[in-house]
Amino acid sequence: MRGLGIGIAILAGTLFGVGGTFAQFLFQQRGVDIGWLVTMRLLFGGAALLLISAARQGRGVLAVWRHDGVPLVVFGLIGMMPVQYTYMAAIGASNTATATVLQFTSPAMVAAWLAATGKKRPELRDIAAMALAMLGTFFLAAHGRVGALSISLAALFWGLASAVAAAFNSLQPGGLLKRHGAAVVAGWGMLIGGVALGVMHPPWNVQGLWDGRAYAFFAFVLIFGTLLAFYLFNTALAMIGAQKTILLTCAEPLSAAVLAVWWLGVAWGTMDWLGTACILATILLLAKEQSPETQAEKVT
């Protein structure tokens, strides 16, 4: 079971990374609107997760609205929708490798927030992880040159914004997840975010050049890069726990980088790989098994 859980976690991370690369192709080579794709991803993923949950729980999927309606709406509008949009916007402004690696600075942001608010006493590895995340971002964004950016300012902004949104998603819905489960909370959050974003980017306002490849990649992003990847991620959480699962989903930035370089021809030099290594090292540090005493100090 442990070996199966490890394989499932790696597959989930890989699907997330490949889905992001296919989204980059749709944005940059087929002219698909970023807001429209995010709207479709949220609506499809949310509806599918709720239907799956309803098949198992029946009307239990509505229980979250009885006492937790307000935090659920906050999660959908300030958590789920922004994290999806900022990530895709970062891909559109740069490439899936840069966007994904920058988003993976979020665990260091969570550690910094918990330390700053006094909710968790910072340990040496927390400080080291934050330093590595900043160093990795410096290598990735500036290629080690002070005062110069190797990526656009928009790419850096959206990439770090996606990390902030991901960090918020790691902290805000903790109580909701414990009371109602990940599938129900994520399903409603995605549906709420999709409906809100759909006001500005209606699903019927389709743009871009649509051919067989575009339709195939769009279907992959929705089915495999969103629904299946999320399902496998949560399956891995149940089988091997959060720490190992988060560590193994480092396959996401690695698969995104390899596929973007090999297939889309993205330039990815020594400094980019060094920045990637630094940021992945933060995950290694923060996902390390902790003692019961340390776990008790942590607020999730």
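1. A residue counts as buried when its relative accessible area is under 20%, and as partly exposed when the value lies between that and 50%. Keep this in mind as you look around the model, which is a predicted one. Phe 217 has a relative accessibility of 12%, so this residue is buried. Trp 263, at 28%, is partly exposed.

2. Now to the rings. A pair of aromatic rings is described by the distance of the centres and the angle of the planes. You will find 16 aromatic pairs in this structure. One of them joins Trp 36 and Phe 218, which are stacked with 5.3 Å from centre to centre and 25 degrees between their planes. Because Trp 36 belongs to helix H2 (residues 34-57) and Phe 218 to helix H11 (residues 212-240), this pair ties together parts 182 residues apart in sequence. Both Trp 36 and Phe 218 are buried.

3. Next, please turn to Phe 217 and Trp 263, an edge-to-face pair with centres 5.4 Å apart and 80 degrees between the planes. Phe 217 sits in helix H11 and Trp 263 in helix H13 (residues 251-263), so to speak a link between distant parts of the chain, 46 residues apart. Both rings also belong to a cluster linked by ring pairs, together with Phe 22, Phe 25, Phe 220 and Phe 224.

4. Finally, a look at Gly 19, found in helix H1 (residues 2-30). With a relative accessible area of 5%, Gly 19 is buried. Setting aside neighbours within four places in sequence, Gly 19 is in contact with Phe 220, Val 221 and Gly 225. Val 185, in turn, is 166 residues from Gly 19 in sequence and 22 Å away in space, C-alpha to C-alpha.

Notes: Residues numbered from 1 in each chain as written. Predicted model: local features only at pLDDT ≥ 70, side-chain atom pairs only at ≥ 80, totals over all residues. Heavy atoms only, no water. Phe/Tyr/Trp six-rings, centres within 6.5 Å; stacked < 30°, edge-to-face > 60°. Helix = DSSP H or I, 4+ residues; strand = E, 2+ residues; numbered from the N terminus. Buried < 20%, exposed > 50% of the residue type's maximum accessible area, 1.4 Å probe, protein only. Contact = heavy atoms within 4.5 Å.
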